[in-house]
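Hi,

Here is the structure I promised to pass on. Have a look at it first, and then read my notes below.

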Protein chains: 2
Amino acid sequence: MEVGDVVKIKTNTGEFEGVILPSINKDVITLKLKNGYNVGILRENIINYEIIEKGKKIEYKYPPLNLEKKHDKTISILSTGGTVASKVDYRTGAVHPSFTADDLIRAVPELMDIANIRGKPILNILSENMKPEYWINIAEEIKKESKEADGIVIAHGTDTLSYTAAALSFMVKSTFPIILVGAQRSSDRPSSDAYLNLISSVLAAKENIGGVYVVMHGTIDDKFCYLHKGVKVRKNHSSRRDAFQTVNDEPIAKIYPLDKKIKFLKDVDRYNEKKIEINTNLEKKVALIKVYPGMDGEIINFYVDKGYKGIVLEGTGLGHAPEYIFENIKYAIDNGTIVVMTTQTIYGRVNMNVYSNGRELQKLGVIPCEDIIPEVAYVKLMYLLGNYDDEKVKELINKNLVGEINYRLI
Amino acid sequence: MEVGDVVKIKTNTGEFEGVILPSINKDVITLKLKNGYNVGILRENIINYEIIEKGKKIEYKYPPLNLEKKHDKTISILSTGGTVASKVDYRTGAVHPSFTADDLIRAVPELMDIANIRGKPILNILSENMKPEYWINIAEEIKKESKEADGIVIAHGTDTLSYTAAALSFMVKSTFPIILVGAQRSSDRPSSDAYLNLISSVLAAKENIGGVYVVMHGTIDDKFCYLHKGVKVRKNHSSRRDAFQTVNDEPIAKIYPLDKKIKFLKDVDRYNEKKIEINTNLEKKVALIKVYPGMDGEIINFYVDKGYKGIVLEGTGLGHAPEYIFENIKYAIDNGTIVVMTTQTIYGRVNMNVYSNGRELQKLGVIPCEDIIPEVAYVKLMYLLGNYDDEKVKELINKNLVGEINYRLI
């Protein structure tokens, strides 16, 4: 059996027919089934097999890792898990995060032609299990690793990648790039976007720009990746490779991984000296509440009674909430909980001066958050409440700190 | 002072400079200020004024209402409030819903060239204050009015228009069109989209199609409107005129209001007989919960302990939730609360078979909702729980009932 062959394989758990894909693990046969999914079969579990059709020979080999320092710039890849650093669980067929950073580099040896590459696994989770404590770990690891590297790439699951990007944007101030990268298709599938996303992320990490960014496919084909600002990006599709989109702004740059070129679409500050400051104070008692017709306003009381310090409402339209929850919002504000408003339309700006509902909410003390993405407002409120007194928090929540607010009208 | 003049007006509350806009109310001068907003000034409050520049004469007149039946088809416009049926509050400058359906027709007399028009105000609210009880009122009014009309147009605020469209889609089965229409700019502004949206909605309401639809601008210019399926549409921008977009599907038709033409983009069933059935049973104890890193899983216990029958999770990615809330989800399911999964990416399909997190959630009993929009899943779960026993609800939640699931891969 060779890569490309159409085979029928009998195992003790059933019979599988499909095309053999390249497999990183020599003990495993990876098969693309007709339904489009891949399945991994341990060679030792194969009872017998039949080659239905010989495929064309596909070249697929891993060169030895060459980590010698031959480039000017050194880029560290910190892996946290997720699809970009995952492989199929050959017991269940599900995808688990189990690549180390070394595996990543081994899978994409071209990275070594772009920069000196360091790799370090710092977490091994699927990003749906991300939590604020881990954001703090990541920030601390970035600071440590920055002593050795000129730029940092963080391989991260896509589910909550934009939340982490936003959190790091507030917590880490750097004069070198911190690039979060993910993949929508697992990296042991030939159809994976991990390969080009990773190359693009390392290209971006070599630039002398500061701050936190996200690099992901720009289109469903493999033409280019986008460099998104970490506080202005969102996962807007569950499975497409171009799921990540800049919201209420334009992407920073287009990255052409095959040409190894970056085209900046905006002016960005350039730095010659490497500096980093981190501030990992986060108030965890902050809630994000989506508003909808028929919602139970007592959910607000629930959080207030549990000692929550901040609530981000994901309102309707220009930043509205049903008048039947006004009393609950009043309860929150009377008890010292800071309540801020974003919009569930995702795109567009909150404007609470146009309709009576918005005006009434402002009278209650609800603070409009301009064009901040709801998830970013959640992270920002955690950061502000972790560092400032209430008056300062109210003053800063709708002031632009790190690019999360775009005052240009969209 | 005439329409188009640039004037400076002094009132007892301040001095205003701007261009005079057409005003529906003869007692009021509407001024477009330099900041882009309109202000209404009661003539009796004007202390003095100065004409800074004479404008070009703009023709603007309202013909008398002519409600004689000269067309084959009669369309009823039921107004519920909202921007499409609102005018500026001349005391505060804010926008209030205060047009009656007759006012709407008076403002867009061209409607009378398209069909015999009936108008009836059934609610007078801003749609941010919408609640399930009102959905029931609207369904009942549709049934009553359908005796007199061949098609129904519902003028509705845009904030929660898509929630109402989804609710009516499940509650009302009709062989004639029910068209929800809104406006992003208030209808007494010349820049309003109300005019073309209304004409387009009446054009759509004349078609011999069944079911519930939304008609709104298709682009930011005035070229065409889209006819969206009521269960596949979402407000994706807070202020743009083309804020409403079909999600995980294609719009049903393009409507060219100036040419008075409809171009269908899909095949739709056609009906010759007028039938309607309504089912207004809704279980109100259903919650929509957005999942995010650091979320407090006890929010689920809160709802369960309050006797909630259903919970829609707006998960991450392909339909995931942090493992640290699994115990709370288990608590809900153990107590008989039905928990279903959608995705906060808005676009794309839930697939809980790919990653271990999704598989574990399914083992707990969480039901994936295919490509249903989270807000639509919320409404659907209310409808199902209002009408069926739990086993049937679990069976139907991810089966297509009225077009809310698109099995074609997107």
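**How the two chains relate**

Chain A can be laid on chain B with an RMSD of 0.1 Å, using a turn of 180° and a shift of 0.0 Å along the axis. That is the relation of a two-fold axis. One thing to keep in mind throughout: this is a predicted model.

Which residue of chain A comes closest to the rotation axis? It's Lys290(A), with its C-alpha at 3.4 Å. The two copies also use the same surface to meet, as 100% of the contact residues of chain A recur in chain B.

**Where the chains touch**

The contact takes 53 residues from chain A and 53 residues from chain B. If you want to find the chain A side on screen, look for the elements that give two or more residues to it: the strands β8 (95–97) and β20 (286–290), plus the helices α5 (298–305), α7 (356–364) and α8 (374–387). By class, that side of chain A has 23 nonpolar, 17 polar and 13 charged residues.

**Domains of chain A**

Chain A is divided into domain 1 (6–53), domain 2 (74–278) and domain 3 (286–396). I looked at how domains 2 and 3 of chain A meet. Their centres, taken over C-alpha atoms, are separated by 31 Å. Eleven residues of domain 2 of chain A are in contact with ten residues of domain 3 of chain A. Which element gives the most to the domain 2 side? That would be α3(A), with six residues. The domain 2 side that touches domain 3 in chain A divides into eight nonpolar, two polar and one charged.

Start with α3(A) and α8(A), which pack at an angle of about 35°, with their axes 9 Å apart. Their crossing is right-handed. From α3(A), the contact uses Ser162(A), Tyr163(A), Ala166(A), Ala167(A), Phe170(A) and Met171(A), while α8(A) brings Glu375(A), Val376(A), Val379(A), Lys380(A) and Tyr383(A). Sorted by class, the residues of this contact are eight nonpolar, one polar and two charged.

Now try chain B. There, the axes of α3 (residues 161–171) and α8 (residues 374–387) come within 9 Å and cross at roughly 35°. The crossing of α3(B) and α8(B) is right-handed. Among the residues in contact are Phe170(B) and Met171(B) of α3(B), along with Val379(B) and Tyr383(B) of α8(B).

The crossing of α2(A) and α3(A) is right-handed. Here α2(A) supplies Trp135(A), Ile138(A) and Ala139(A), and α3(A) supplies Thr164(A), Ala167(A), Leu168(A) and Met171(A). How many charged residues does the contact of α2(A) with α3(A) have? None: there are six nonpolar residues and one polar.

While you have chain A open, pick out Ala167(A) and Met171(A): they take part in the contact of α3(A) with α2(A), and also in the one with α8(A).

Cheers

Methods:
Residues numbered from 1 in each chain as written. Chains lettered and ligands numbered in written order. Predicted model: local features only at pLDDT ≥ 70, side-chain atom pairs only at ≥ 80, totals over all residues. Least-squares fit on C-alpha atoms with pLDDT ≥ 70 in both. Contact = placed C-beta atoms within 7 Å. Helix = DSSP H or I, 4+ residues; strand = E, 2+ residues; numbered from the N terminus. Nonpolar A, V, L, I, M, F, W, Y, C, P; charged D, E, K, R; others polar. Left-handed = near helix turned anticlockwise from the far one by under 90°. Domains from an automatic or database assignment. Axes fitted to C-alpha atoms, helices over the stretch in contact; angles between N-to-C directions.
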